[in-house]
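Okay, thanks for coming, everyone.

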Amino acid sequence: MVATVASVVNTALELIASQAQITALNDGSPAANAATVIYAPVVQLLLRELDPDFARFTATLALSAAPLPPPPWTYEYLYPANCLRLRQVRPAAGSYDVNDPKPIRSNVAFDTISAVATKVILTNQVNALAVYTTSDVLEAQWDAVFAEAVSRRLANPLAMALSGRPDFADKVLEQAARVASTVEATDDSSITVPEGN
């Protein structure tokens with residue numbers, strides 16, 4: 001079954017033995033109102049924490065407008081707006097041996113650009129690509145285990161918001177941690193090498 005926002009929240013509601021179900025986050029019900037506040041932060045937290053393969057994205061980095069990056073770095077790139085967590089910086093396709101990829105050093109920092117504190121990536125790699133966990137994934141792209149992990153992580157705050165049951169919320173949170181470790185084990189079984197795209 002393809003996950004939707006409603007199906008993920010409704011699974012969380014079932015886990016806390018709630019009689020409520022939602023049709024959408026904006027349907028006006030107490031359950032939807034509570035879920036609206038926590039849904040996006042919980043999803044982003046788990047994407048960042050678990051780095052699932054379906055959220056892996058590779059993009060060319062854009063140079064910042066800063067005059068000179070701080071030493072020992074040669075290049076300063078803008079941190080992608082949809083990047084939840086930088087996984088690695090790598091050279092452009094075709095400029096490395098895919099059978100012997102070498103790690104590229106990088107650092108995430110803040111720099112003042114045009115009087116604005118701006119998140120940047122510092123590296124010595126020219127024409128750098130970033131491999132990162134993106135926030136631009138839809139529920140339909142999630143695998144079943146990640147959808148279950150989100151539902152279980154949502155269940156904890158929903159149990160508190162809808163029924164005020166901290167004892168039950170703690171049990172649900174423990175279950176969520178176990179499901180999250182399953183997601184990590186699933187993704188860790190694959191070996192990642194730089195792609196040629």
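Predicted model: local features only at pLDDT ≥ 70, side-chain atom pairs only at ≥ 80, totals over all residues.

Numbering starts from 1 along each chain as its sequence is written, and side-chain values use heavy atoms, with hydrogens and water left out.

So, the layout. We have four helices and six strands, where helices are DSSP runs of H or I with at least four residues, strands are E runs of at least two, and both are numbered from the N terminus. Reading from that end, the order is α-α-β-β-β-β-β-β-α-α. There are 197 residues in the chain, and 42% of them count as buried. By buried I mean under 20% relative accessible area, with exposed over 50% and partly exposed in between, using a 1.4 Å probe and protein chains only.

Now contacts, meaning heavy atoms within 4.5 Å. Take those between residues at least 6 apart in sequence: 71% of them join residues at least 24 apart. The accessible surface is about 10,600 Å², and carbon and sulfur atoms account for 56% of that; the areas are Shrake-Rupley, again with the 1.4 Å probe, and for residues only the protein chains shown count as cover.

On to salt bridges: a side-chain nitrogen of Lys or Arg within 4 Å of a carboxyl oxygen of Asp or Glu. How many do we get by this rule? Three.

One is E49 with R153, where the closest N and O atoms are 3.4 Å apart. That pair links distant parts of the chain, with E49 in helix 2 (residues 30–50) and R153 in helix 3 (residues 144–163), 104 residues apart. E49 is partly exposed at 40% relative accessibility, whereas R153 is buried at 14%.

Then there's D51 with R85, at 2.1 Å, N to O. Again distant parts of the chain are linked: D51 sits in the loop between helix 2 and strand 1 (56–60), and R85 is in strand 3 (residues 83–90), 34 residues apart.

E148 is partly exposed at 27%, and R152 is buried at 17%.

Keep E148 in mind, as it's also among the residues lining the largest pocket. A pocket here, on a 1 Å grid over the protein atoms alone, is an open set of points with protein on both sides within 12 Å along at least five of seven lines, and lining residues have an atom within 4 Å of a point. The volume is about 170 Å³. Which element gives the largest share of the lining? Helix 3, with four residues. Helix 1 (5–15) also supplies at least two. By class, the lining has seven nonpolar, three polar and two charged residues.

Last stop, helix 1. Its buried residues are A6, S7, V8, V9, N10, A12 and L13, and their cover includes helix 2 and helix 3. S7 and V8 also line the largest pocket. After helix 1 comes A17, with a positive phi near 60°.

That's my tour, over to you.

Conventions
1 Å grid on protein atoms, 1.4 Å probe; cavity = no way out; pocket = protein on both sides within 12 Å on 5 of 7 lines; lining within 4 Å. Points joined across faces, edges and corners; volume = space filled by probe spheres on them. Nonpolar A, V, L, I, M, F, W, Y, C, P; charged D, E, K, R; others polar.
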